[in-house]
Amino acid sequence: MDRPSSVPCMSLPRPPSPYSGKVPLNSTDDVSKHVSDMKKENFSLKLKIYYLETTLSKVSGAEKFDVLTENVQLKVENESILKELATNKELLIKASSLVDSLSANQGSAQVILLHSLIRQSFKRTKYTISR
């Protein structure tokens with residue numbers, strides 16, 4: 001049965017691509033390189049999923065629950081440590097600015113020593129957060 005020509009064909013709009021606008025694609029070489037990179041990343045993620053699923057399938061039901069519980073606990077601990085690091089970073093920035101203002105007013109050796117200790121601590125915290 002043919003469709004009447006007076007009835008318009010309705011099509012659903014395409015969802016926007018999650019990668020649109022994120023990478024400037026100026027030429028076909030850029031597009032092909034981007035597609036190639038995305039295919040490599042896709043394959044890598046599929047491989048990770050495969051190995052995780054095979055590892056998880058080897059674990060029994062009770063052990064699965066223990067593994068998943070430990071995973072959740074580690075994620076929570078990780079988030080709390082990251083928040084603590086961010087708080088420490090903010091405190092170090094405030095302390096550094098306070099020492100800067102004190103050292104501008106006074107040129108004592110103690111203020112300069114304190115300032116260098118805060119800078120060292122800030123560098124260590126910055127390194128830890130970036131990891």
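This is a short tour of a predicted model, stop by stop.

**Ground rules.** Numbering starts at 1 along each chain as its sequence is written, and side-chain values use heavy atoms, with hydrogens and water left out. Because the model is predicted, local features need pLDDT of at least 70 and side-chain atom pairs count only at pLDDT 80 or more, while totals for chains, interfaces and linings use all residues.

**Whole chain.** Select the protein chain and show its cartoon. You get three helices and zero strands (DSSP runs: helices are H or I, at least four residues; strands are E, at least two; numbered from the N terminus). The order is α-α-α.

Colour by pLDDT, the predictor's confidence in each residue, from 0 to 100. The chain averages 75, and 69% of the residues score at least 70.

**Residues 1–12.** Here pLDDT stays under 50, and the model has one contact beyond four places in sequence (contact: heavy atoms within 4.5 Å).

**Helix H1.** Select residues 28–58. H1 has the highest mean pLDDT among the elements, 88. Tyr50 lies in this helix.

Now pick Phe43, Leu47, Tyr50 and Tyr51. They form a nonpolar surface patch, with about 470 Å² of accessible area together (Shrake-Rupley method, 1.4 Å probe, only the protein chains shown counting as cover for residues). Patch members have over 30% relative accessible area and no salt bridge; nonpolar side chains (Val, Leu, Ile, Met, Phe, Trp, Tyr) are joined within 5 Å, like charges within 9 Å. A salt bridge puts a side-chain nitrogen of Lys or Arg within 4 Å of a carboxyl oxygen of Asp or Glu.

**Helix H3.** Move to residues 109–130. Mean pLDDT is lowest here among the elements, at 70.
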